[in-house]
Amino acid sequence: SGLGSLRSASMCMPALLLSLPFALVLRLPVRTAPRRGGAWMQYAGGGAAALDADAAALLEEAQGDVEKARTSYVGYTLAYLQDSMPELYEALKTDPSRPDAHAALVEVTWDAIAAFLPVTHEAAPSGEAQRRLGAIARVANDGSGPPPSRFLDVGCGTGLLLPFAVASGVPAAAYRGVDLSS
């Protein structure tokens, strides 16, 4: 739907008061810095040092408060949407069940969560999660035949399943991942 272009927009707007139909009223500050594309969901751990430059700047502005930084992230995105896609922005407020409005809300929500994963979640999966990821990967390549030429990871997030798939014999070149915020 073109929301990926939100990350390349430059905003220079005053604080914005939004009243969304689901009874959520937020005061969302908007900082004057361009959104850059990049590895919004790619991280290998390392806390704040692993954040995208924009997410790091928002977290610094929020004095380390991830929830405030996420609120600002959503605010910048909605301010851009209001400016560049006013019809869709209006639908967010008046008809959020409209398919394109719903998709935009989902994307904005997941992108705001994903931008701060390096400081809210451990990069390495727990032992139990590693066991489960290994079992999932082994289903694709049980060793009874040649390695698969295609491996589709639906809901891949950061691609956490890839190393487990490779360890089970799936060629890295066979891996394809899709995620809601891709």
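Buried residues make up 38% of the 182 residues in the chain, where buried means under 20% relative accessible area, exposed over 50%, and partly exposed in between (1.4 Å probe, protein chains only). This is a predicted model, in which local features need pLDDT of at least 70 and side-chain atom pairs count only at pLDDT 80 or more, while totals for chains, interfaces and linings use all residues. Residues are numbered from 1 along each chain as its sequence is written, and side-chain values use heavy atoms, with hydrogens and water left out.

**Overall organisation**

- The chain has 7 helices and 4 strands; helices (H or I, at least four residues) and strands (E, at least two) are DSSP runs, numbered from the N terminus.
- Read from the N terminus on, the order of the elements is β-β-α-α-α-α-α-α-β-α-β.

- Helix H2 covers residues 66-84, and its 19 residues should span 27 Å at 1.5 Å a residue; the expected span is 1.5 Å times one less than the number of residues.
- The end C-alpha atoms of H2 are 27 Å apart, which agrees with that expectation.
- Asp65 caps the N-terminal end of H2, with a side-chain oxygen 3.0 Å from the backbone nitrogen of Glu67.
- Such a polar contact is a pair of N or O atoms within 3.5 Å; within protein, one must be able to donate a hydrogen and the other to accept it, and residues adjacent in sequence count only if both atoms are side-chain atoms.
- Gln63 is found in the loop between H1 and H2, and Gln63 is exposed, with a relative accessible area of 74%.
- Most residues other than glycine have a negative phi.
- Gln63, although not a glycine, has a positive phi of about 55°.
- Thr71 has its place in helix H2 and counts as partly exposed at 26% relative accessibility.
- Thr71 and Ala112 are 41 residues apart in sequence, and their C-alpha atoms are 8.0 Å apart in space.

**Nonpolar cores**

- The largest nonpolar core has 24 residues, and those with the most contacts inside it are Leu81, Leu92 and Phe116; a nonpolar core is a set of buried Ala, Val, Leu, Ile, Met, Phe, Trp, Tyr and Cys residues joined through side-chain atoms within 4.5 Å.
- Two or more residues of this core come from each of helix H1 (53-61), H2, helix H3 (86-94) and helix H4 (99-114).
- H2 gives the most to this core, with 7 residues.
- Another core, of 10 residues, lies apart from it, and Ala137, Cys156, Val170 and Ala174 are among its members.
- Tyr89 is found in helix H3 and is buried, with a relative accessible area of 3%.
- Between the C-alpha atoms of Tyr89 and Ala79, 10 residues apart along the chain, the separation is 8.9 Å.

**Aromatic pairs**

- A search of the whole structure finds 2 aromatic pairs; rings of Phe, Tyr and Trp (its six-membered ring) pair if their centres lie within 6.5 Å, and planes under 30 degrees apart count as stacked, over 60 as edge-to-face and the rest as tilted.
- Tyr73 and Phe116 form an edge-to-face pair, at 6.4 Å centre to centre and 80° between the planes.
- This pair links distant parts of the chain, 43 residues apart: Tyr73 lies in helix H2, and Phe116 lies in the loop between H4 and helix H5 (117-120).
- Tyr73 is buried, with a relative accessible area of 2%, and Phe116 is buried as well, at 0%.
- Phe151 and Tyr175 form a stacked pair, at 5.9 Å centre to centre and 25° between the planes.
- Phe151 in strand S3 and Tyr175 in strand S4 are 24 residues apart, and their pair links distant parts of the chain.
- Both Phe151 and Tyr175 are buried.

**Strands S3 and S4**

- Strand S3 (residues 151-154) and strand S4 (residues 175-178) pair in the parallel sense over 4 bridges; two strands pair if DSSP finds at least two bridges between them.
- Asp153 has Gly177 as its bridge partner in S4.
- In a regular strand the side chains alternate between the two faces of the sheet.
- In S3, Phe151 and Asp153 form the covered face, whereas Leu152 and Val154 form the uncovered one.
- S3, helix H7 (residues 162-167) and S4 make a right-handed β-α-β unit; a crossover is right-handed if, with the strands pointing away from the viewer, the path from the first strand over the helix to the second runs clockwise.
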